[in-house]
Amino acid sequence: MKNSVLTLLGFAAKSGNLVTGEDALINEIRRNSLLLLIIAQDASENTRKKLSDKAKSYGVDFYICFSKDEISRAIGKENRAAVGIKNAEFHKRIMELLGGEPYVKDKGI
């Protein structure tokens, strides 16, 4: 399951349906164009809180799972602590693979 989600993140990145960078993620959340947010377990407490609070206030599904290294390798970029999905099909499939329960403190994947 873990590899499947990471593979989907890579596909989303290649297809232009993935957003990275804290400022870009917050902007996309505010525009209501972000469907799913994945925050790395080893992201700083400040980053986790800022992004999760913004996602909650705008009703965006989010998970705290994987490491920064795993996310970075999956999308082919360095040092990424969070990524956002803009495509409904990627959102649906990742939610299914992660158990369909957003707002999880620590998925432990």
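Reply: A polar contact is a pair of N or O atoms within 3.5 Å. The model here is predicted, and in it the side chains of Thr47 and Ser44 are joined by a polar contact of 2.9 Å.

Me: Where in the chain does Thr47 lie?

Reply: Thr47 lies in helix α3, which covers residues 45-58.

Me: Is Thr47 buried or exposed?

Reply: Buried means a relative accessible area under 20%. Thr47 has 13%, so this residue is buried. Of the 109 residues of the chain, 46% count as buried.

Me: How do I judge the overall shape from the radius of gyration?

Reply: Set the value beside that of a compact globule. With 109 residues, such a globule would have a radius of gyration near 13 Å, and the chain has 12 Å, which agrees. The C-alpha trace spans about 30 × 25 × 25 Å along its principal axes.

Me: What share of the contacts with a separation of 6 or more comes from residues 24 or more positions apart?

Reply: In this chain, such residues account for 79% of those contacts.

Me: What about the surface and the charges?

Reply: The chain exposes about 5600 Å², and carbon and sulfur atoms supply 44% of that area. There are 18 positive and 14 negative charges, and their mean positions are 2 Å apart.

Technical notes:
Residues are numbered from 1 along each chain as its sequence is written. This is a predicted model: local features need pLDDT of at least 70, side-chain atom pairs count only at pLDDT 80 or more; totals for chains, interfaces and linings use all residues. Side-chain values use heavy atoms; hydrogens and water are left out. Helices (H or I, at least four residues) and strands (E, at least two) are DSSP runs, numbered from the N terminus. Buried means under 20% relative accessible area, exposed over 50%, partly exposed in between (1.4 Å probe, protein chains only). A polar contact is a pair of N or O atoms within 3.5 Å; within protein, one must be able to donate a hydrogen and the other to accept it, and residues adjacent in sequence count only if both atoms are side-chain atoms. The radius of gyration is taken over C-alpha atoms; the globule rule is 2.2 Å times the number of residues to the power 0.38. Contact means heavy atoms within 4.5 Å. Accessible areas come from the Shrake-Rupley method with a 1.4 Å probe; for residues, only the protein chains shown count as cover. Lys and Arg count as positive and Asp and Glu as negative; His and the chain ends are not counted. The place of a charge is taken as NZ of Lys, CZ of Arg, CG of Asp or CD of Glu.
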